[in-house]
Structure formats: structure tokens, C-alpha cells
Amino acid sequence: MRWLRRRGGTPAPASRLDLRDLVTEVLAGIGTRPARTALTILGTVLGIGTLVTTLGVSATAGNQIAGRFDSVTATEVAVEIPPRLTPDSPPTVPWAALGNLARLNGVDAVAAYSRTESGKEPSVRANTLRDPERVLDRALPVLGATTALPAAARTDVAVGRFFDDGHIARRDRVVVLGEQAAQLLGVTRIDNRPAVFIGGAPFTVIGILGPVRRADQQDLTGSAVIPWTTADDRLHLGPATTVIITTVLGAAPLIAGQAPIALSPNDPAAVRVEAPPDPAELRTGVAEDVSGLLLILGLVSLVVGALGIANVTLVTVMERTAEIGLRRALGARRRHIATQFLLESTAVGLLGGIIGASAGIIAVVVISVTRHWTPVLDAGLAGAAPLAGATVGLLAGLYPALRAARMQPVDALRGPA
Amino acid sequence: MSDVIALSGVGRTFATDPPVPALVEVDLRITRGDYVSIIGPSGSGKSTLLNILGLLDLPDTGRYELEGVETTGLDDTARTALRGSRIGFVFQSFHLLAHRDVTDNVMLGELYTGAPRSGRGERAAAALDRVGMGHRRDFRPGRLSGGERQRVAIARALIGDPALLLCDEPTGNLDSVNTAAVLDLFEELRAGGTTLVVITHDEAVSARADRRVRITDGRLSELDSATVELPVLGATGGRA
């Protein structure tokens with residue numbers, strides 16, 4: 001501290017401002033114009049509120065999507081097998097290879113089917129009547145499948161039963177219809193042992209499937225399913241074109257890696273595996289998609305809020321020219337003036353940050369409740385938001401505070417109060 | 001009696017084109033307990049002299065000693081400290097903070113002087129009692145008359161116990177009744193030992209001082225207050 005010697009030895013200490021006095025002056029400065037302060041705060045509230053809402057909702061939504069994904073889709077693997085180059089060459093995946101896959105740890109159910117090529121579906125009809133008013137022939141896809149198809153495709157047999165190993169071994173002419181296929185053909189019950197004609201040959205309907213819950217196997221509902229041996233005999237469908245697998249939770253990526261080797265040891269690269277994407281990647285991907293645009297919006301609001309604070313603080317400084325002059329006359333140093341205005345704008349920013357963060361958190365909770373989500377809130381975010389608001393206020397106040405500090409008390413004092 | 005103010009050879013020229021000499025070779029001594037009025041028309045250099053006396057501006061030439069301290073060589077921080085602790089300002093337009101009550105406004109007078117916070121309220125109350133405003137402590141300035149506001153401003157100037165009360169057109173915004181009240185207060189303060197410098201263009205206000213100094217074109221000349229050459233205007237009162 002600087003001491004000045006005066007005559008008689010009385011020292012005059014350099015001007016200083018007690019911290020408590022400073023706080024009082026700052027609070028009084030903010031409190032004298034409540035309406036203006038409220039409007040000034042609004043920009044920061046919007047900016048911080050948008051940021052908190054965006055980050056909170058995207059974290060919440062990301063968690064929800066990943067959660068739903070984990071429970072169902074992450075347990076489904078499909079293997080597509082390309083057709084043979086010539087009918088005589090050995091199959092890429094022989095039917096017997098399915099057993100290798102079923103033995104793997106983590107596999108719940110495995111089924112394979114060969115499917116009629118698109119555009120070459122055989123005609124399927126429920127009877128031999130020739131009715132000129134109705135189209136009775138339906139071109140339906142026909143699947144030659146193994147017995148575990150309902151389990152692997154996540155469907156149930158709604159009426160009757162599915163064929164078993166005996167039907168396959170005996171190459172029986174039995175058929176299980178998909179839900180839509182049964183409706184098209186007018187087959188609603190099986191206790192009267194209805195028959196359908198596939199490519200002209202009669203097949204006994206032994207069951208009708210219910211809804212298919214596996215998203216990538218919805219084709220099944222419009223198909224007719226027969227034992228793969230019968231399909232090979234009658235329709236020359238040949239070896240399997242698709243293998244579908246359900247796994248226990250978390251095993252899908254592992255099985256997806258092992259399936260080609262189990263099915264086609266000689267040439268694993270010949271088959272194409274469709275496995276779910278890594279849940280962790282999916283989560284971040286979703287979060288980034290949702291939040292990117294809104295984050296920019298929030299930052300823009302924050303900049304607008306900062307400009308608002310800067311503008312209003314500057315106007316306040318101009319309005320309070322006389323007060324600044326008075327304080328300088330009363331012994332305030334330039335730094336006292338600068339600190340006071342800087343703290344006022346910082347306090348306004350902090351207030352905006354607190355209100356904005358609160359509003360944002362409420363918004364996240366409300367959005368979560370309406371969507372039946374579990375709100376996910378980062379505690380660090382709730383703490384950082386008011387600080388961000390204070391920083392915005394501090395930066396916005398720099399220029400006005402400097403302007404105030406540079407003011408000459410001489411000019412300020414003679415004007416009207 | 002020791003000198004409160006000692007100006008010697010003070011000059012101030014504004015660097016306009018052409019340069020304007022606002023003060024020329026000013027010598028002025030004011031001793032403790034003096035009641036001095038500085039009178040002059042606008043443009044005579046009154047404001048410049050006020051700014052220099054109030055340590056708000058620096059002279060180009062000459063020396064200015066405040067209570068024996070040579071101030072022209074001091075830096076801004078030191079002059080600010082001296083200004084805050086040793087000079088009490090009274091302005092034409094009062095400069096009270098409209099949103100703070102009377103006590104807060106008076107306490108503002110020692111906010112920056114380093115005076116202890118404890119006892120500040122009592123000191124403000126004492127200063128308000130000195131100017132006869134003890135009964136208006138909790139009022140906002142907006143509810144006071146002009147004369148009352150100026151008395152609050154004087155209390156604010158008095159709270160730091162300054163060496164000098166520097167008044168710039170203190171009655172410029174007041175009607176005759178309030179002017180008389182403020183001038184009466186100045187006389188009471190002078191009787192209590194306060195050093196007063198009143199800068200005005202009003203001969204009637206100036207006439208109340210013990211000692212009168214005229215400023216014309218930046219030059220000072222002493223007037224003998226006993227031989228007032230201008231008639232004292234009636235309504236604002238003659239010599240008390």
C-alpha cells in the first residue's frame with residue numbers, strides 16, 4: 001500500500017474498496033432496475049437453457065435407443081449365402097453345416113431356409129376350382145426351411161404346428177403358412193385338413209404362423225414354408241440361401257464373427273453376415289446426430305445473450321456517467337469502477353446461467369416424462385452451466401467496464417445527475 | 001493558521017487550435033477555516049480552477065500544495081487517494097444516487113477512503129445531523145426538496161472529515177428559499193471550522209463569503225468583501 005507523507009506526518013493511504021462494500025454496490029446496481037436486469041438475463045437464460053436441454057435430452061435419448069437396441073436387435077444375426085455358380089457345383093453351405101453353428105456357445109436358435117427367387121415364385125392356390133370372378137392363383141414365395149425357423153425368426157405357430165424332423169426325413173408334402181399368406185389363400189383353420197396347391201402339387205396345411213417379431217424377417221408372414229427336403233425335390237430350391245440366428249444378450253458380435261467359419265470352413269468370406277452395429281458406436285452416433293444442430297443453436301443463443309449483456313451494460317455505463325464521475329471524485333480508482341461494472345455483468349450472467357440451467361433441467365425431465373424415458377442428467381453439466389453464464393457475463397462486461405474506467409470525472413460531473 | 005491550499009504560478013492551457021489559456025499565473029492561498037468564494041462568468045476559467053483545486057485535473061505550470069503536500073508531482077493513484085480523503089465535493093446537480101436512501105448516499109462519501117466499516121452508520125447519522133437532515137435518514141432522494149438534497153450531498157462531503165469543502169455552483173439548481181437555507185448552512189459549517197471554497201457566478205451567493213476572489217479570463221483578483229461594488233439582490237438576502 002502506498003503511503004503519502006503530509007505535513008505533520010499524517011499519512012494518506014491509497015484508496016481502497018472493501019470487498020463487502022463492493023458486493024453491496026454491485027447488488028444495488030443490479031437491483032435498482034429489476035425489469036432491465038430481467039430482460040438482460042433473458043438472452044443468457046435462453047442460451048444456457050438450450051444448451052442444457054440439448055445435452056440432457058440427447059444423453060437421455062441416446063441411452064433410451066441404446067437400451068431398446070440392447071434388449072432385442074443386438075441378439076439377431078443373419079447370414080446371406082450367395083447362389084451357386086452352376087447347379088452342379090458343391091453348395092457353399094451344406095444343410096448339415098447348420099449343426100456346427102447350433103453348437104456354438106451363445107446361440108439360442110439357428111434356422112436355415114432356401115427361398116424361391118424373386119420373380120420366380122410358384123403359383124399357390126387353395127383349391128382346383130376355376131372361378132372366373134376371382135383370382136385364386138397367388139404367386140407366393142416358398143421357403144424350404146429347417147425345423148427351428150419359428151424360434152430363430154421370433155414367431156409362433158398360431159394355429160396347428162410346425163413340421164418336425166420326421167416330416168423333413170420323410171420329405172412330406174406339408175406346409176406352414178405365414179399369417180398374410182393364410183389370409184390371401186382363405187385358410188383360417190386346419191382341423192379340416194385343408195390343402196393348398198404349390199406349383200400344382202397338393203400340400204397339407206399343418207399350421208399357420210403368428211406375427212413375426214424379427215424386423216429383418218417380415219417376408220416370412222407372406223410366405224409358404226415347407227420342409228427343405230420337399231422343397232429341393234419339388235421346387236429344386238437347392239441349398240440354403242439364408243441362415244438366421246438368435247443369440248443370448250451380448251453374444252451377437254461374437255457369433256457374427258464365428259458364423260462364417262462354422263458354416264463355410266473352406267471359404268468363410270463367401271457368405272455375408274448381417275450383425276447389429278456395436279451398441280457403443282450406435283449410442284455416440286445417435287447422441288451426435290441429435291445434439292449437433294441444437295448445440296449450435298444453443299451457442300448462438302449464448303453469443304446473442306452475451307451481446308445483450310454487453311449492450312445493456314454499455315448503456316448502463318453511459319447512463320451512469322454522473323455516478324461514475326461522483327465515485328471518482330469520492331476517491332474511487334479506475335480499477336474500482338472497472339471491477340464494479342465487471343462484477344455487475346458477471347452477476348447478471350451467473351444469474352442467467354442458474355435460471356437457464358434450472359429451466360433446462362426441468363425441460364429435460366418434462367420431455368423424459370412425456371416420452372416415458374429415464375432422464376439422464378450429468379451433474380457436471382448442471383454445475384458448469386452457471387459458470388458458463390458467469391463467464392459469458394464477464395466477457396460481455398470487459399469492454400463496458402473499460403469504457404467506464406477510462407471516463408474523465410471532469411466531464412462526468414458537470415452534467416445533469 | 002496553516003495553509004490548506006497554496007497555488008503558485010498555476011497555468012493551464014487547453015491544446016485546442018488555437019490554444020486556449022484557461023488559467024494564467026494563478027496564485028491563491030486559502031488558510032484553515034476560510035470561507036472563500038470564487039466568482040466569475042462562464043468561460044472565465046472557473047471550471048478549470050475547480051478541477052485543479054479538486055485534483056481532477058493537473059496544471060501545466062506552477063505548484064499546487066494541498067495541506068503542504070505538493071500534488072503536481074503525484075501519480076493518478078496518489079491524487080485519487082488525496083481527493084477521496086481530503087476534499088469534499090458539493091455539486092450543482094447534487095449527484096445523489098436515486099435508488100439509494102439518504103444514509104446510503106452519505107455513507108458513499110467514505111466508501112473508497114479506507115475508513116473502517118464499523119461505525120460508518122453512526123458517522124453518516126452525525127453528518128446528517130450536522131446539516132439538519134437527521135429526520136430524513138431513510139428517505140429516497142426523489143422524495144426530498146432540492147435544498148434537502150443539497151444538504152444530503154453536503155453531509156456526504158462532510159463524512160470523511162475533509163480538509164476542504166469544494167462547492168461548484170451549490171445553489172445553481174435551487175430556488176431562493178432553499179438557496180438561503182444552504183447558504184445559512186455554509187455559515188454554520190464555517191463557524192464550526194470547516195474550510196469552504198464556493199465557486200459561483202451568482203454575486204448574491206458570493207457576497208455571503210468572508211473573502212471573495214474574482215476570476216476573469218483565467219486571472220484571479222481579490223475583492224475586498226467589505227466594499228461590495230455590486231448591489232446585493234434582495235430576495236436571496238443580504239449579509240446575514
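Because the model is predicted, local features need pLDDT of at least 70 and side-chain atom pairs count only at pLDDT 80 or more, while totals for chains, interfaces and linings use all residues. Residues are numbered from 1 along each chain as its sequence is written, chains are lettered from A and ligands numbered from 1 in the order in which they are written, and side-chain values use heavy atoms, with hydrogens and water left out.

Chain B has seven helices and 10 strands. Here helices (H or I, at least four residues) and strands (E, at least two) are DSSP runs, numbered from the N terminus. Of the 240 residues of chain B, 55% count as buried, where buried means under 20% relative accessible area, exposed over 50%, and partly exposed in between (1.4 Å probe, protein chains only). Among contacts in chain B between residues at least 6 apart in sequence, 68% join residues at least 24 apart.

Several individual residues of chain B deserve a look. Arg212(B) belongs to strand S9 (residues 211-216) and is buried, with a relative accessible area of 1%. Its side chain makes a polar contact of 2.8 Å with that of Ser206(B). Such a contact is a pair of N or O atoms within 3.5 Å; within protein, one must be able to donate a hydrogen and the other to accept it, and residues adjacent in sequence count only if both atoms are side-chain atoms. In the loop between strand S1 (3-14) and strand S2 (20-31) of chain B sits Pro18(B), joined to Asp17(B) by a cis peptide bond with omega of about 0°. Asp161(B), in the loop between helix H5 (146-158) and strand S7 (164-168), has a positive phi near 55° although it is a residue other than glycine. Asp161(B) counts as exposed, at 55% relative accessibility.

Arg193(A), not a glycine, has a positive phi of about 50°; it lies in the loop between helix H6 (179-185) and strand S10 (195-198) and counts as exposed, at 64% relative accessibility. Leu297(A) is placed in helix H9 (residues 279-319) of chain A and is partly exposed, with a relative accessible area of 48%. Helix H10 (residues 321-329) of chain A is mostly covered, with eight of its nine residues buried, among them Glu323(A), Arg327(A) and Arg328(A). After H10(A) comes Gly331(A), whose phi is positive, near 110°.

The spaces in the model come last. On a 1 Å grid over the protein atoms alone, a cavity is a set of points where a 1.4 Å probe fits but cannot get out, and a pocket is an open set with protein on both sides within 12 Å along at least five of seven lines; lining residues have an atom within 4 Å of a point. Grid points are joined across faces, edges and corners, and a volume is the space filled by probe spheres set on the points. The largest pocket holds about 710 Å³ and is lined by 30 residues, with Pro83(A), Arg115(A), Thr116(A), Glu117(A) and Thr241(A) nearest its centre. Its lining has 13 nonpolar, 10 polar and seven charged residues; Ala, Val, Leu, Ile, Met, Phe, Trp, Tyr, Cys and Pro count as nonpolar, Asp, Glu, Lys and Arg as charged, and the others, Gly among them, as polar.

There are six cavities of 30 Å³ or more. The largest cavity has a volume of about 170 Å³, and its 15 lining residues include Thr37(A) and Val312(A). The second largest cavity, of about 60 Å³, is lined by residues including Leu330(A), Gly84(B) and Arg156(B).

How values were computed. Contact means heavy atoms within 4.5 Å.
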